Amino acid sequence: MDYFCHFKIWVLTLCLISQSGCGFYLPGSYPHKYNVGEGLSVKVNSITSIDTEMPFSYYSLPFCQPPDGIKDSAENLGELLMGDRIENSPYRFKMHVNESEVFLCRTGPLSADNYMLLKKRIDEMYQVNLILDNLPAIRYTKKDAYLLRWTGYPVGIKVQESYYAFNHLKFKILVHKYEEANVAGVMGTGDAAEVIPTIGDRGSDIPGYMVVGFEVVPCNFMHNAQSVKNTKMYDKYPSLIKCDPTTVSMPIKENEPIVFTYEVTFEESDIKWPSRWDAYLKMEGSKVHWFSIMNSLMVITFLAGIVLVIFLRTVRRDLTRYEELDKEAQAQMNEELSGWKLVVGDVFRAPTNASLLCVMVGDGVQILGMAVVTILFAALGFMSPASRGTLITGMLMFYMILGIAAGYVAVRLWRTIGCGDHKGWASVAWRAACFFPGIAFFILTILNFLLWGSRSTGAIPISLFIVLILLWFFISVPLTLIGGYFGAKAPHIEYPVRTNQIPREIPAQKYPSWLLVLGAGTLPFGTLFIELFFIMSSIWLGRVYYVFGFLLIVLILLVVVCAEVSLVLTYMHLCVEDWKWWWKSFFASGSVAIYIFLYSINYLVFDLKSLSGPVSATLYLGYSLLMVLAIMFATGTVGFLSSFWFVHYLFSSVKLD
């Protein structure tokens with residue numbers, strides 16, 4: 001008991017030291033207490049659009065700039081890869097101090113280029129994304145008595161033939177009064193309340209507040225540009241401003257300036273700090289989401305159970321009948337009956353392109369392991385939406401570390417196929433380290449040239465490309481080679497039967513075996529197509545994906561179904577004396593990638609109707625292709641390894657001479 005107490009104290013001490021005096025909070029962001037009148041700074045992210053899927057810098061448009069210059073905020077690797085460019089903004093508030101008619105700036109006369117660019121961004125439905133205390137600005141609209149939530153606000157709107165930029169913003173900031181003595185009370189951690197340090201001065205009676213909501217209403221107001229010619233930033237606008245989001249009054253015109261203003265009100269709310277993300281997570285369709293997921297899980301579990309029961313009963317009956325016969329009857333049975341017993345001398349014959357199969361299986365183990373660990377950490381709350389970019393960063397980190405598993409599996413499988421031969425293991429490990437990352441770099445480089453040509457912030461900078469290449473060759477590749485070394489040292493898996501020198505002729509089949517293999521992918525696709533819709537909506541429609549617990553369940557079900565489908569297909573092929581099961585077992589479950597890619601095209605046609613231009617469509621298809629290749633490697637690996645185990649177990653369970 002004493003050791004356990006000491007362990008808890010050490011863990012808590014390390015957490016406190018690592019947080020430098022701030023309370024530890026699992027999802028990755030920390031409550032901040034603001035005193036009345038304390039400054040609040042708004043940040044801006046890249047402007048985005050579901051029409052083009054290409055982000056651009058906020059300051060690429062003629063918006064007001066901060067008086068102390070544009071400064072980049074600290075960005076992690078994931079944010080850069082996602083195209084986020086977080087910068088400071090001129091919007092500044094004072095905690096719990098309402099302000100109205102605040103003059104921000106008067107731009108210079110719109111040049112022809114800026115005028116055309118602004119009109120183009122309005123046509124492409126670009127959204128401005130603001131951030132306050134790590135909360136994105138949220139906008140509420142009503143449609144048919146339904147309250148819709150959107151992150152960000154449009155750059156402007158087109159009415160008939162005129163374009164209107166939203167030049168006045170009405171902010172509402174929800175705050176929760178800080179009443180607890182320490183972070184533990186705020187976070188609800190209970191027993192640890194006395195040891196987690198306070199935020200701010202202990203014992204201070206000055207009231208403080210935490211930001212729990214950030215709402216924005218964009219308006220277009222008829223400003224008088226001449227009346228503010230000498231007005232300074234943050235001064236009072238000379239006349240009353242009424243924000244009416246339902247009307248527009250001042251179109252943008254070439255060679256005329258734009259005046260920007262804003263107002264801010266603070267409102268006390270009962271929302272607790274840990275619940276402040278609920279407004280973003282409870283987007284429309286949540287009931288349909290939960291119902292669809294549960295329905296899908298029940299149907300797939302039922303189907304998987306039927307397949308498993310039928311399969312186990314068939315194999316067990318076959319083995320029982322065979323083992324009950326004496327040797328003479330077994331010999332007669334081998335002569336009279338067809339089936340998997342007749343391919344005993346060929347079932348472990350090395351497949352064509354054996355090294356490629358080993359490399360793909362090794363990479364599949366690496367991708368599947370990355371997916372499981374990432375989703376598990378996300379389900380536990382370590383990669384919440386509040387921690388921008390951590391999901392992508394975590395995926396890259398886990399992928400590099402799991403290079404050890406890729407090298408080990410690829411080399412050990414290579415040695416097993418070669419009956420223990422060490423020759424060529426380094427080549428297999430090297431190819432496992434470069435095969436899938438090489439494909440990914442090739443696709444991303446092509447897409448990056450398109451983004452560079454469009455001057456999008458989604459383009460990966462040259463410096464980041466160099467960093468990724470260094471991470472690949474100095475971390476991922478060495479770890480994969482280390483894994484390959486251990487795979488070469490590990491004992492290979494010995495086959496239970498000998499392989500004949502002359503391969504057995506495969507009887508002609510009524511239907512092509514590959515047709516059955518390609519059709520097998522429909523069952524794994526049924527486990528994930530509903531979840532796939534929500535994932536793609538979060539990627540391409542800017543929605544927040546948060547049900548990682550359900551995603552973890554779906555992933556587990558997918559692995560089970562892939563294993564079962566591959567087992568059934570392998571057994572069926574062996575029963576018709578088709579001993580070439582290696583690649584077919586891989587693609588039996590890996591063929592789900594074909595249906596996912598077809599679904600991606602369907603999603604592009606029917607759900608992304610507004611996606612405009614060949615560049616946007618090429619980006620979408622390029623990223624979709626990369627996604628389905630990763631899924632094919634992961635699901636194919638599950639199918640192959642389960643089939644390999646089954647075939648090895650099947651032929652080692654009976655005596656076949």
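Biologist: What should I keep in mind about the model itself?

Modeller: This is a predicted model, where local features need pLDDT of at least 70 and side-chain atom pairs count only at pLDDT 80 or more, while totals for chains, interfaces and linings use all residues. Residues are numbered from 1 along each chain as its sequence is written, and side-chain values use heavy atoms, leaving out hydrogens and water.

Biologist: Back to P503, then. Which residues does P503 touch, not counting residues up to four places away in sequence?

Modeller: Contact means heavy atoms within 4.5 Å. By that test P503 touches D346, R349 and W579, once residues up to four places away in sequence are set aside. P503 and R349 are 154 residues apart in sequence, yet their C-alpha atoms are 8.2 Å apart in space.

Biologist: How do I read accessibility, and what does P503 count as?

Modeller: Buried means under 20% relative accessible area, exposed means over 50%, and partly exposed is in between (1.4 Å probe, protein chains only). P503 has 47% relative accessibility, so P503 counts as partly exposed. Compare K341, in the loop between helix 7 (327-336) and helix 8 (354-379): K341 counts as buried because its relative accessibility is 9%. K341 and E577 are 236 residues apart in sequence and 8.4 Å apart in space, C-alpha to C-alpha.

Biologist: How does the protein chain look as a whole? How many helices and strands are there?

Modeller: The protein chain has 18 helices and 15 strands. Of its 657 residues, 49% are buried. Among contacts between residues at least 6 apart in sequence, 83% join residues at least 24 apart. The accessible surface is about 32500 Å², with 63% of that belonging to carbon and sulfur atoms; such areas come from the Shrake-Rupley method with a 1.4 Å probe, and for residues only the protein chains shown count as cover.

Biologist: How should I describe two packed helices?

Modeller: By the angle between their axes and the distance between the axes. Axes are lines fitted to C-alpha atoms, for helices over the stretch in contact, and angles run from 0 to 180 degrees between N-to-C directions. Under 35 degrees counts as roughly parallel, over 145 as roughly antiparallel, 65 to 115 as roughly perpendicular, and the rest as oblique.

Biologist: At what angle do helix 17 and helix 18 pack?

Modeller: Helix 17 (residues 592-606) and helix 18 (residues 614-652) pack at about 155 degrees, with their axes 8 Å apart. That makes helix 17 roughly antiparallel to helix 18. Their crossing is right-handed; a crossing is right-handed if the near helix is turned clockwise from the far one by less than a right angle, and left-handed if anticlockwise. Residues of helix 17 in the contact include I596 and F597, and those of helix 18 include L621 and M632. The contact divides into 14 nonpolar, 3 polar and no charged residues. Here Ala, Val, Leu, Ile, Met, Phe, Trp, Tyr, Cys and Pro count as nonpolar, Asp, Glu, Lys and Arg as charged, and the others, Gly among them, as polar.

Biologist: And how do helix 10 and helix 11 pack?

Modeller: Helix 10 (residues 403-417) and helix 11 (residues 425-453) pack at an angle of about 140 degrees, with axes 9 Å apart. Helix 10 is therefore oblique to helix 11. A410, V411 and W414 of helix 10 make the contact with W425, V428, A429 and A432 of helix 11. By class, that contact has 7 nonpolar, no polar and no charged residues.

Key. Helices (H or I, at least four residues) and strands (E, at least two) are DSSP runs, numbered from the N terminus.
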